[in-house]
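Let's take a friendly walk through this two-chain model. Have the structure open beside you as you read.

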There are 2 protein chains.
Amino acid sequence: MNKKRVSIKDIAELAGVSHPTVSRALRGEGRMSDDTRARILTIAADIGYTPSLIARGLVTQRSHSVGLAVTNFADPFHSEIAQGVEEEAQRRQYSIYLASTTVDPARELEVVRNFQARRVDGLIVSSSRVGGQYAGLLQEIGIPIVLINTHAEGDNMHMVAHDDYGGALNLVQHLVDAGYRRIAFLGNQRGGKAVHERQRAWADALVQAGLPAEMLCFGPNGRFEGGVAGARNLLKLAEETWGSLPDALVCYNDTMAIGAISVLRAQGLGVPDDMAVTGFDDVDVAAYFEPPLTTWRQPRRAMGRAAMTMMLELLDGETNGTHRHVHVMHGELVVRRSA
Amino acid sequence: MNKKRVSIKDIAELAGVSHPTVSRALRGEGRMSDDTRARILTIAADIGYTPSLIARGLVTQRSHSVGLAVTNFADPFHSEIAQGVEEEAQRRQYSIYLASTTVDPARELEVVRNFQARRVDGLIVSSSRVGGQYAGLLQEIGIPIVLINTHAEGDNMHMVAHDDYGGALNLVQHLVDAGYRRIAFLGNQRGGKAVHERQRAWADALVQAGLPAEMLCFGPNGRFEGGVAGARNLLKLAEETWGSLPDALVCYNDTMAIGAISVLRAQGLGVPDDMAVTGFDDVDVAAYFEPPLTTWRQPRRAMGRAAMTMMLELLDGETNGTHRHVHVMHGELVVRRSA
DNA sequence: CTATACTGCGCACACGTGTACGCAAACAAG
DNA sequence: CTTGTTTGCGTACACGTGTGCGCAGTATAG
């Protein structure tokens, strides 16, 4: 009943050899007779031996694992990135440790400490704020770090990022081409660099088209509630300040767009007839919402895979510690019916 | 530049003691003078020592980690469960290994093998099929296994499950109470036990109300596309077989419901006026969809936490290997506008 | 002042695996 | 037949931590 773990020593005893010989046989290294090797492999398979990666990691100083830190998995944006990371890791025989950091900065530190204790070979961090001392801590642990959609300077900091500016530029250009003239932007107060880039593109595209980039409002976060609050904000501003409603609204992301549309609809405003609305990301539901969302598709899963691929490159090539890797990825415009 | 990892031996040397003394000092065990202990702790903090959980795991035979296997993270259902599992694990100083099994059975085996090699203390499996030989393999590795929304017999198999039958019963009862009489069910061909339970509840509720439980159709999977295909299927059956449209449709889950509604709308059918539609799960978007979905809220995050809590109980209490744990959780009816 | 108990630590070993080195036997070359 | 080379392993140690045991010194009891 109490199955004792089998080790290479057990195999060694059964095969009548020493345990280093077993180690070499299993890894296909060293010199030995074909007969011995075959015998060892047979025995290993018979008794159902599974190597202990933890013991191996102890001696090789490589755990073959990476830590993945994310603010919140329940967010479809992050979970798709995680899926991409995991797929690529699994393909290359790496395992990933999961940790959610929520919004608590103290928790981020704790998470990093724990990864460090687990001796992960690298760290992938998605959409964190990585501010101040946190970045300092990351420096000290001396392992490669790949940031996804986050910017930070540092010796072993590398990044995979999406071209938010280019994407938003395209999206706004599409609205301009479609004849919209009063184009507002709904931002996210908690968004960091991504918000800034998209907003900048919105302003630039309008200026370039000779249109005013003045109608700007914000929601408290990038979720549905954020879109709801943001849209209420917009309606108020339109009435009190702008004089009239915009004819198009560029939202920070799809989720906010959906929240915003629910408010517009409650006000009796039709989308896109009374106001066109665009999202960003192309989350799954975007295609099935009413109206189906015109948006910018961000290749989230591919970004996750790219981050892991970059990590593996960093772990394989030992010496290139000085060169900073940066991989910018591009999405595509998805025109549906909301704009 | 090349920061060598610091170990308790380094601390021992600096403090002028042996490394076992350092080990005991850090863990607050053993007998030693307050002076020595304080000195060791100070030095450890000064040089930024982080214990190696992998070395510790090797000797204690406890990795303080559990494996989490899920078919696909991108699915909001699973990602919320994962979030719950992770939250509770983090609270209790456990780490979790992530692995997605996709739909490939060979991959499931590979994932389990890998967890085994990592010497995880336990395994949490969410919504797998766990069929045949796979269950056998799980038996052999001799560690506790907690299944979420999956049923399987076995020595160290335990489960956290949602009361699908009760939930669906409530939901259908709500429709009956609201006056609907021709109530159809849209199932998922890939759903396993969950589909079966919900469908059985649908049939039972109708029979109990003296209504016919005949209008049954299926989609190929539980996602948006599954709902789309299922609704097309329904329209065809209604025309060719049932004679007329049902006045209400109970869908396997929210995602399918959204897919189905998009088809109904394209046919000029209003929800709930021409046909009421219910979902299941209460995913985030359900409240913001048009019409907002009447559904059954499944406490996904709490289920994840419960699974991890159960796992910790199993790991703490050594001897109770014979008692099988089963934790059934209940959701709640959420009435919005779609039914 | 001796017998006993307790304090504060070190020694030796264990966990499961990888690897540098060396040594005997077999083989090849002269 | 000697000398060098290759083959096929074993020996010894390492990785970083935990733990049972024992031993010298000190405090306590009688």
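Two residues are taken to be in contact when their C-beta atoms, placed from the backbone, lie within 7 Å. Please keep in mind that this is a predicted model.

**Where the chains meet**

By that criterion, 44 residues of chain B are in contact with 44 residues of chain A. On the side of chain B that touches chain A, at least two residues each come from helix 4 (53–60), helix 5 (76–91), strand 2 (95–100), helix 6 (105–117) and helix 11 (254–266) of chain B. Helix 5 of chain B gives the most, with 8 residues. Sorted by class, this side of chain B holds 19 nonpolar, 15 polar and 10 charged residues.

**One sheet through both chains**

Strand 2 (residues 95–100) of chain A and strand 2 of chain B run antiparallel and are joined by 3 bridges. An open sheet of 12 strands, with mixed pairing, has the order 11(A)-5(A)-4(A)-3(A)-1(A)-2(A)-2(B)-1(B)-3(B)-4(B)-5(B)-11(B). Strand 11 (326–329) of chain A and strand 11 (326–329) of chain B each have a single partner strand, so one side of each is left without a neighbour in the sheet. On average, neighbouring strands of this sheet are turned by 20° against each other, direction ignored.

**Helix 5 against helix 12**

Helix 5 of chain B also meets helix 12 (residues 300–316) of chain B: their axes come within 7 Å and cross at roughly 45°. That angle makes helix 5 of chain B oblique to helix 12 of chain B. The crossing is right-handed. Among the residues that meet here are Phe77(B), Ile81(B) and Val85(B) in helix 5 and Met303(B), Ala307(B) and Met308(B) in helix 12. The contact of these two helices has 9 nonpolar, 4 polar and 6 charged residues.

**A helix in chain A**

Helix 3 (residues 34–46) of chain A has 13 residues and reaches 18 Å from its first C-alpha to its last, close to the 18 Å expected at 1.5 Å a residue. Gly48(A), which follows helix 3 of chain A, has a positive phi, near 65°.

Notes:
Residues are numbered from 1 along each chain as its sequence is written. Chains are lettered from A and ligands numbered from 1 in the order in which they are written. This is a predicted model: local features need pLDDT of at least 70, side-chain atom pairs count only at pLDDT 80 or more; totals for chains, interfaces and linings use all residues. Helices (H or I, at least four residues) and strands (E, at least two) are DSSP runs, numbered from the N terminus. Ala, Val, Leu, Ile, Met, Phe, Trp, Tyr, Cys and Pro count as nonpolar, Asp, Glu, Lys and Arg as charged, and the others, Gly among them, as polar. Two strands pair if DSSP finds at least two bridges between them. Axes are lines fitted to C-alpha atoms, for helices over the stretch in contact, and angles run from 0 to 180 degrees between N-to-C directions. Angles under 35 degrees count as roughly parallel, over 145 as roughly antiparallel, 65 to 115 as roughly perpendicular and the rest as oblique. A crossing is left-handed if the near helix is turned anticlockwise from the far one by less than a right angle, and right-handed if clockwise. The expected span of a helix is 1.5 Å times one less than its number of residues.
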